[in-house]
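Q: Please show me how to read a few features of this structure, one by one.

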Amino acid sequence: MSAGRVIRVLHIARYRSAAAERKLELLAAERDLKLFLVRPAVWEDEYGRVQLRPQVPGCQVLTVPMVGRPADPHRALYRTLTFGIQAAKPDVIHAEEEPDSLAALQVALARNIFAPRARLVLHTWQNVNRPKRPHVRAVIRLAFGQAQAVLCATDEALRVLRELGYRGPSAVILPTGVDTRLFRPASRPLPEGSFTVGYAGRLAPKKGVDTLLDALSRLPAGVRLRVVGDGPARPQLQELAGRLGVGNRVEWGPPLPADRMVEAFAGFDVLVLPSRTTRVWKEQFGRVLVEAMACKVPVVGSDSGAIPEVIGDAGLVFPEGDAEALAACLRRLVESPGLRRELAERGYARAVALYSQERVAAQTAAFYRRLLDL
């Protein structure tokens, strides 16, 4: 790439909050990048409908309605043929879409027609090489044939990408990191003599909250659990808590938007992510872990999927589904305020160094430059 050249980037993404969009603001602030954003005007999932910001500082934004649910990563389409490519005249089209998605094919087609020289970059979270039907395998082959690069959220996703046969440029770079302006350590101390275990996320069998309830029943009565989230397994989990004799030690709260999760973290002595692998799924990342780490909340996670990779040496890891091992981890933290403080500091340092939006934006910008130098 010649010195002084400005790289024009058309970024296509379905971010659901201003915290997620922080990466784009940082990319737009790079002197050699000019950023154009295509995104849906509305985010909608089982928790409700959210109107997204019409503008992102530094970016030219085109909002596009979607056909299908924005939360569906595989079958939803953008209601556009051009994606604003003719106006953007991009050097790079970065679509944060899975290679086996219809949207990825849609973007690839638009690029072939309107900007065939632009480099197409896709993104994948998939860390399980699941059995695929013939039409899905065909979509993957077409996407791989069109993409000049595929970025991966984790090391496991990169392994699966190679298993699927992609041999082009790739790197492990998160789509979005944690906004450390929003997720930051709380100033208020927790009450003396209390210990609150926190869980935040969907209430579904694969999330392993039943293991967490079982572990709670093995701990002293002063240890309590606060659940932030909802999902189809909630009635069964509440029934299980009653059968285990811990119903009066569990507080069930609704899911919270990102800008209110800091309040929840401020009330946790530790956050637990007890995910359990299934035949077709394992934890792809565990964003709640890095958000808690950025707030200096110690974390404990199972060994499902990317959780050990995310936690590193900044928390405790237990074998998934093993309630006694989880209880032992929590018992250590209850009995050792010093260990809690040490893990909180390690987690904070790790979140800032590896998972902050600043880090992700810098990695992404560097990848664009390398890609255009190939």
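Q: Which helix gives the most to the lining of the largest cavity?
A: This is a predicted model, in which local features need pLDDT of at least 70, side-chain atom pairs count only at pLDDT 80 or more, and totals for chains, interfaces and linings use all residues. Residues are numbered from 1 along each chain as its sequence is written, and side-chain values use heavy atoms, with hydrogens and water left out. A cavity is a set of points on a 1 Å grid over the protein atoms alone where a 1.4 Å probe fits but cannot get out, and lining residues have an atom within 4 Å of a point. Helix 5 gives the most here, with three residues. Helices are DSSP runs (H or I, at least four residues), and strands are runs of E (at least two), numbered from the N terminus.

Q: How much space lies in the largest cavity?
A: About 80 Å³, where a volume is the space filled by probe spheres set on the grid points, joined across faces, edges and corners. Its lining includes Phe144 and Leu161.

Q: How is an aromatic pair described, and what form does the pair of Trp125 and Phe285 take?
A: The distance of the centres and the angle of the planes describe a pair of aromatic rings. Rings of Phe, Tyr and Trp (its six-membered ring) pair if their centres lie within 6.5 Å; planes under 30 degrees apart are stacked, over 60 edge-to-face, and the rest tilted. Trp125 and Phe285 are edge-to-face, at 6.0 Å centre to centre and 65° between the planes. Trp125 lies in the loop between strand 9 and helix 4, and Phe285 in the loop between strand 15 and helix 9, so the pair ties together parts 160 residues apart in sequence.

Methods
1 Å grid on protein atoms, 1.4 Å probe; cavity = no way out; pocket = protein on both sides within 12 Å on 5 of 7 lines; lining within 4 Å.
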